Amino acid sequence: MMIDSSVTEIRGIGPKKAAALEKLGIRTVGDLLRFQPRTYEDRRNPVPISELEPGMPAFVRGVVISVVSDPRRYSRKRVLKVLAEDSSGRMEVVFFNAPFLARDFVKGEEYCFYGRPSANKGHIQMIHPEFSKAGGAREEIVPVYPLTAGITQYELRRLEREAAGLAADAEDFMPQDIISGNGLCSLQDALKNIHFPADMDALNAARYRLMYDEMFVLQTGLLMMRSGGEEGIEFAEDGTEKEYQSFLPYELTGAQKRVISEIAADMERPERMNRLVQGDVGSGKTAVAEAVLYKAVRNGFQGAFMAPTELLARQHFHTLTEDFKGHGVNVGILTGHLSAGEKQETLKALKAGEIDIMIGTHALIQPDVEFRKLGLVITDEQHRFGVDQRSRLGDKGRSPDVLVMTATPIPRTLAVIMYGDLDVSVLDELPPGRQKILTKAVTDKSRDLVYNFVRGQAAGGRQIYVTAPLIEDSEEIDARSAESIFAELSKKFPECRIALLHGQMSEQEKSSIMEDFSAGAYDILVATVVIEVGIDVPNATVMVIESAERFGLAQLHQLRGRVGRGKEQSYCILITNGEGQVAKDRARTMVESSDGFYIAEKDLELRGPGEFFGTRQHGIPDMQLTDMVKHMDIMEQVRGKALELFEDDPGLIREKNKGLRNRVEALFGEDINIHI
Ligand code: ADP
Ligand code: MG
């Protein structure tokens, strides 16, 4: 077996297990090595039995003083009770339906137990702990991996043990001078010790090394991307972005004007623009995009406007088509759902330069999409895109300017990780006349009251969103589903026009329902989070969020932002059935604040950065991202080191930097723009 062998070459791994591993992103032995534990169980220092706390997982060493296999049946469960004691006290260990385990225990011998204690009538118990004979190999720091269906902790540990035997074969991609200059341990040691460290020092060194690697690759990649933009397009100082104001029925806010001129100033510089616009939901980012796209078009260039969903792409298409009507700007749309003929035609027109602004989903970054003269690329709701996509779209023209827009305010720390030193503009002002959205958190018990309120709003001509975390009811997950709410409301409120929208519908179905809702054809829209981003229906005034405990703060804030877009008073009602502290904290934050930046900071505190971002797209493992956020000081140092290396060898073409370059390309995509 070799480090790049498929996991199927490990004994006992058939197609089923391989498929489960694949879900964790593990295909090869090397992937196994790089798959990091979520946490560790320290089994070296046992907790005295008298100090066990119910609910807190702990490692205990005790001598078995009795083993009773209960012959009676309690509710058809067979019970095995093992009594263990140490010098501080006694603990009862309980196994259900596992009478055969009785053979594993010998009275008078010492065993190790790892589990979650509970209190039972004054006794301390552990139910189904992991156990082994004391003095065996398991009294160590034991890795705990994130799991997926079809693979157990025990199996994964076994696989990792096999893989760890090959850690010594790993090829170190870091330049030797970086390793020695920064006191890093070898990659081979790190890959072994991240799984099976002999002690805390070894584990810390391994974690540090792997985190350093990720930071270094990230910072180097960001530097390369940025330098790729050094030579860009110099748009004319022609004021056309201001001309656009006259197309609009309303006056731009001060913040919009400011941000538009910040962007225009970037565009007028010869360097390539790389700017992030953060604007809370409803702050009017689309108008900002339009103004600067207009500038690009008046300068003889094409613009690309990329949205994360088809729904949103179509909405932008409608808005832009309306706003530019009669101003000589051709707007096109390209999504994954055009017919082959339509697509061919659109692509031809784009290549011929007949389309000035192309709107689309990630279909825009497919290789067959060719622009005639691309000058400006805007991606909306950027947090949904991976860095590599950002650079790929940027590569479609000769260094077009790049603008990234997000409605999820990003705490500064995370912005640094995600975007390096991208320039940031903040839209910190809502259009005038908006009222604060009244937010209430209620429990399940008040559902009837909530729905009566909803009915009253509908009777008054307003529209309502009801969001649920699930599409259909599930046996495993205790949460409300869109389908059951839809059925319930349809029965209760026959006078209301109600629609259902969820992610399993085709894009066409979704768009047409959304468009009908937007046109006022429905009173109530029951939906899953597909309405999360960007949808703009000013007449919608109520957002009811069912099973709100299932959503993260950033998501709740996004959902709430779907209402409050018109002149009427709007409401957001969170219905929770969870008693959990996190759910309560989140609900309180939502009720207290409507400031996206404040909420983002809270979200980071409550959930950690992985969830906040949807790390998967970003390609950095959750735990490492968490580590990075905690160690911004190290990130700053790494940035300095990466800059040194980069200035010395900007294209990373020297032999010693080749491995690093491969890693950067793996994270950012091969097309990363490089100037030597
Ligand atoms: P977001 O920043 O969430 O993408 P949108 O661009 O969708 O926000 O704008 C939200 C709504 O506000 C739209 O209906 C838009 O027409 C309106 N809007 C934008 N700017 C202004 C403004 N300066 N004055 C009044 N309404 C505005
Ligand atoms: Mg938007």
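**Group meeting talk: cores, strands and a ligand site**

The largest nonpolar core in this structure has 87 residues, and of these Y465 and I524 touch the most other members. Helix 9, residues 285-298, gives the most to this core, with 9 residues. Two domains are represented in the core by at least three residues each: domain 4, which covers 240-427, and domain 5, which covers 438-593. Before I go on, please keep in mind that this is a predicted model.

In general, for soluble globular proteins, nonpolar side chains tend to be buried together.

Let me stay with I524 for a moment. If we leave aside the neighbours within four places in sequence, I524 is in contact with V454, I464, V466, L489, F493, C496, R497, I498, A499 and F517.

Now some overall numbers. The protein has 676 residues, of which 53% count as buried. It contains 24 helices and 22 strands. Take the contacts in the protein with a separation of 6 or more: 73% of them are accounted for by residues 24 or more positions apart.

M1 is found in the segment before helix 1, which spans 15-23. M1 and A163 are 162 residues apart in sequence, yet C-alpha to C-alpha they are 9.4 Å apart in space. Not counting residues up to four places away in sequence, M1 touches E9, I10, V29, E162 and L166.

Next, the strands. I will begin with strand 9, residues 141-144. I141 and P143 point one way from this strand, V142 and V144 point the other way, and all are buried. Strand 9 is joined to strand 1, residues 39-42, by 4 bridges, and the two run antiparallel. To find one of these pairings on the screen, look at E41, whose bridge partner in strand 9 is V142.

Strand 14, residues 374-379, has partners in two other strands. With strand 11, residues 302-306, strand 14 pairs in the parallel sense over 5 bridges. Here F305 has I378 in strand 14 as its bridge partner. With strand 15, residues 401-406, the pairing of strand 14 is again in the parallel sense, over 4 bridges. T379 has V404 in strand 15 as its bridge partner. Why can we call strand 14 largely enclosed by the rest of the structure? Because 6 of its 6 residues are buried.

On to the ligand. There are 16 residues around ligand 1, and those that come nearest are G282, K285, T286, R434 and D536. A nitrogen atom of ligand 1 is 2.9 Å from a polar backbone atom of E251. An oxygen atom of the ligand is 3.0 Å from a polar backbone atom of G284. For R565 the side chain is involved, with one of its N or O atoms 3.0 Å from an oxygen atom of ligand 1.

S283 deserves a separate look. This residue is found in the loop between strand 10, 274-279, and helix 9. With a relative accessible area of 0%, S283 is buried, because the cut-off for that word is under 20%. A polar atom of the S283 side chain lies 2.7 Å from the backbone oxygen of D280. Leaving aside neighbours within four places in sequence, S283 is in contact with Q256, L427, E429, L430 and P431.

I will end with two backbone angles. H128 is a residue other than glycine with a positive phi, near 50 degrees. H128 is found in the loop between strand 7, 123-127, and strand 8, 130-133. Its relative accessible area is 42%, so H128 is partly exposed. S547 also has a positive phi, of about 45 degrees, although it is not a glycine. S547 is found in the loop between strand 21, 540-545, and helix 17, 553-560. Here the relative accessible area is 2%, so S547 is buried.

Definitions and conventions. Residues are numbered from 1 along each chain as its sequence is written. Chains are lettered from A and ligands numbered from 1 in the order in which they are written. This is a predicted model: local features need pLDDT of at least 70, side-chain atom pairs count only at pLDDT 80 or more; totals for chains, interfaces and linings use all residues. Side-chain values use heavy atoms; hydrogens and water are left out. A nonpolar core is a set of buried Ala, Val, Leu, Ile, Met, Phe, Trp, Tyr and Cys residues joined through side-chain atoms within 4.5 Å. Buried means under 20% relative accessible area, exposed over 50%, partly exposed in between (1.4 Å probe, protein chains only). Domain bounds come from an automatic or database domain assignment. Contact means heavy atoms within 4.5 Å. Two strands pair if DSSP finds at least two bridges between them. A residue is near a molecule or strand if one of its heavy atoms lies within 4 Å of it. A polar contact is a pair of N or O atoms within 3.5 Å; within protein, one must be able to donate a hydrogen and the other to accept it, and residues adjacent in sequence count only if both atoms are side-chain atoms.
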